[in-house]
Amino acid sequence: TVGRAPSGLAADRVAVWVAITGEDVVARIDPEARSITYVPVGDGPEAVVVGAGAVWVANRLAGTVSRIDLQTNKVVETIEVGNAPSELAFADGQVWLTVQAP
C-alpha cells in the first residue's frame, strides 16, 4: 500500500515513483531495500516522469510542476505552468507536458 488515490507511475534504474493524488505526495519505492519514502509536492499530483537527473511531477490542482532531485529526494524547484497540468513525458533531453484549457 502506497497511499490514497495513486495516479501516476514512473521508474528509473533504482526506484519506482508513484504520484499519490489523495495525499499530495510522490512515493519513492526502493524495491531492493523494500522501503518507501514520501516526498511532499503540490496539490493534486497526477503524473510523474523521470529524466535529466530529476523526477518531474504534474500537480494538477496547483497548476505547477515539481522537480525532485534524485540524490536528495526533495523538491528543488516548483514551476508555475497555468491551468491543470495533467501529463508529462521526457524525450530528447526535455520535459514535455499537457496543460488543460481554462
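Modeller: A residue is called exposed when its relative accessible area is over 50%, and buried when that value is under 20%. The model is predicted, and in it Ala 101 has a relative accessibility of 64%, so Ala 101 counts as exposed. Ala 101 sits in the segment that follows strand S10.

The hairpin itself is made of S9 and S10, with two residues between the strands. S9 covers residues 85-91 and S10 covers residues 94-99; they pair in the antiparallel sense over six bridges. In the turn, Asp 92 has a positive phi of about 50°.

As for the packing, nonpolar side chains in soluble globular proteins tend to be buried together. Here the largest nonpolar core has eleven residues, among them Ala 10, Ala 15, Trp 17, Val 48, Val 57 and Ile 68. Strands S5 (45-51) and S6 (54-59) each supply at least two residues of this core. A second, separate core has seven residues, including Ala 47, Val 49, Ala 58 and Leu 88. Returning to the eleven-residue core, Ala 15 touches Ala 10, Arg 28, Ile 29 and Pro 31, leaving aside residues up to four places away in sequence.

How values were computed:
Residues are numbered from 1 along each chain as its sequence is written. This is a predicted model: local features need pLDDT of at least 70, side-chain atom pairs count only at pLDDT 80 or more; totals for chains, interfaces and linings use all residues. Side-chain values use heavy atoms; hydrogens and water are left out. A nonpolar core is a set of buried Ala, Val, Leu, Ile, Met, Phe, Trp, Tyr and Cys residues joined through side-chain atoms within 4.5 Å. Buried means under 20% relative accessible area, exposed over 50%, partly exposed in between (1.4 Å probe, protein chains only). Helices (H or I, at least four residues) and strands (E, at least two) are DSSP runs, numbered from the N terminus. Contact means heavy atoms within 4.5 Å. Two strands pair if DSSP finds at least two bridges between them.
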